[in-house]
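Work through the exercises below with the sequence and the structure open. Each task is followed by a solution in steps.

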Amino acid sequence: MMNDITKWLGRTIIAGAAALVIFSGQAYGQAEAPPAEAPAATEAAPSEPPAPAETAPAEAAAAEAPAAPMLNSGDTAWMLTSTALVLLMTIPGVALFYGGMVRKKNVLATMAQSFSVTALITVLWMAIGYSLVFTDGGSLQSVIGGLSYMFLAPMGLNSTHALAATIPESVFMTFQMTFAIITPALIAGAFADRMKFSALLWFMGLWLIFVYAPIAHWVWGGGLLGSMGVLDYAGGTVVHLNAGTAGLVCALVLGKRVGYGSENMAPHNLVLSMIGASLLWVGWFGFNAGSAVSAGANAGMAMAVTQIATGAAALAWMFAEWIVAKKPSVLGMISGAIAGLVAITPASGFVDPMGALWIGIAAGVVCYLASVPMKRAFGYDDALDVWGVHGVGGAVGAVLTGVFANSAINSLGMGWVHDGNFGQVITQILGVLYTFVYCAIATFIILKVVDLTVGLRVKRDVEVEGLDINLHGETVHS
């Protein structure tokens, strides 16, 4: 039965993606690798007479041989550092950030979700995820990549990828792996306190293959959204809107926590959350500046605008909460900072400092409204505001990328304010809609399949007593 369900799921998702392709038009071809720089010639006075003419064929053959990849040690060192920074964002960043915001009886279970997802996605990315995102999918190229890199079989010591020609492919693959890790880890905040651990593992594995991989391929692998001209420098749609949408669907499908709205569900330890948010802020420089895939001017500007937008968003959320709730909370400050980091992510390689300031201010205010009054008005239980911060923040950042993109910063990004290209705003909105619709439908299907097989939600008495002791046989002692 499980095989039949899996085949049906695959056909359903591929069919939905194919419909989007037909609607959008021409498929996008795989980007060609940029030409490597030729090594500088070294002049030397000949010490011997010219070689005999019969050596000419050998010289010709050498000239025709393909040039070895021109790896750059500076770029490689920066990307090794960026990869470690992005991994730090999930473990321990997200683990601490989420762990501090749940009740004490669920802190270990919440942190275990981030840690186990890191391990699971690492293996799945090596086995199939990287291949589905970053290889040529042939006739399905606009929808999904191919299987030629399963288990990384073709990747050698000196291999490079067309998107990162100056660093080893092993580094590029691992850097992208950390993005694939943090995206599902973020989703877990929406259904905190109520999903089975077995269901979590099944859901996250299937979600990586059927949701993250296609959307990442659409944007970065030469697929659908890239062909439309959607700008996403470091993952506003691929990571944050994607995770936020999935989190919203999870919250709606699983339903509210027992006692939601009537019991005190305040964070048990905001010190942990503050430490986690700070690690996320620092790690985000690897996320955004690392997406330059080089140690140069683009990385420097991405770092600068990331810092500016984050500070602006933290202040904007703080002041909005101060006006509405009469007190600026620590939770609000750190949530605002994360909202700014989320919103600047798609724009970080395309905007100047002033554009970053406006994006940060907008993200702080809009994400506060989405996470507090809007959630209260609609009554859904997005436990740790994954939709309000990552979903809404990712959408805000994606659209404002089209507004503030500046061709003087990046020739690939011609926006409305600086370049008079309002069409880019429309393109960004379409990218948001495509991502939201596909992710919502596919996530819903995956949740239903998991519910029919292993079940999604813990029993009521388990939820009331706590997940730590019931799922993992451990508790936190003061």
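Predicted model: local features only at pLDDT ≥ 70, side-chain atom pairs only at ≥ 80, totals over all residues.

**Exercise 1.** Which residues in H5 and H9 meet?

Residues are numbered from 1 along each chain as its sequence is written, and side-chain values use heavy atoms, with hydrogens and water left out.

Solution. 
- Step 1: Contact means heavy atoms within 4.5 Å. On the H5 side the residues are Phe-175, Phe-179 and Ile-182, and they meet Leu-280, Gly-286 and Phe-287 in H9.
- Step 2: Sort these residues by class. Ala, Val, Leu, Ile, Met, Phe, Trp, Tyr, Cys and Pro count as nonpolar, Asp, Glu, Lys and Arg as charged, and the others, Gly among them, as polar. The contact of H5 with H9 then has 5 nonpolar, 1 polar and no charged residues.

**Exercise 2.** Find the angle and the handedness with which H5 packs on H9.

Solution. 
- Step 1: Helices (H or I, at least four residues) and strands (E, at least two) are DSSP runs, numbered from the N terminus. Helix H5 covers residues 169-187.
- Step 2: Axes are lines fitted to C-alpha atoms, for helices over the stretch in contact, and angles run from 0 to 180 degrees between N-to-C directions. The axes of H5 and H9 lie 11 Å apart, at an angle of about 135 degrees.
- Step 3: Angles under 35 degrees count as roughly parallel, over 145 as roughly antiparallel, 65 to 115 as roughly perpendicular and the rest as oblique. H5 and H9 are therefore oblique to each other.
- Step 4: A crossing is left-handed if the near helix is turned anticlockwise from the far one by less than a right angle, and right-handed if clockwise. H5 crosses H9 in the left-handed sense.

**Exercise 3.** Describe how H9 packs against H10.

Solution. 
- Step 1: The axes of H9 (residues 270-288) and H10 (residues 297-325) come within 9 Å and cross at roughly 140 degrees. H9 is therefore oblique to H10.
- Step 2: This crossing of H9 and H10 is right-handed.
- Step 3: H9 contributes Trp-281, Phe-285 and Asn-288 to the contact, and H10 contributes Ala-302, Met-303, Thr-306, Gln-307, Thr-310 and Gly-311.
- Step 4: By class, the contact of H9 with H10 has 4 nonpolar, 5 polar and no charged residues.

**Exercise 4.** How many disulfides are there?

Solution. 
- Step 1: A disulfide is a pair of cysteine sulfur atoms within 2.5 Å. The count by this rule is 0 disulfides.
- Step 2: Take Cys-250 as a case. Its closest cysteine sulfur, in Cys-439, is 8.7 Å away, too far for a bond.

**Exercise 5.** Is Gln-428 buried or exposed, and which residues does Gln-428 touch?

Solution. 
- Step 1: Buried means under 20% relative accessible area, exposed over 50%, partly exposed in between (1.4 Å probe, protein chains only). Gln-428 has 1% relative accessibility and so counts as buried.
- Step 2: Gln-428 is in helix H16 (residues 423-453).
- Step 3: Not counting residues up to four places away in sequence, Gln-428 touches Gly-229, Val-230, Leu-231, Ala-398, Val-399, Thr-401 and Gly-402.

**Exercise 6.** Place Asn-470 in the chain.

Solution. 
- Step 1: Asn-470 is in helix H18 (residues 467-472).
- Step 2: At 35% relative accessibility, Asn-470 is partly exposed.
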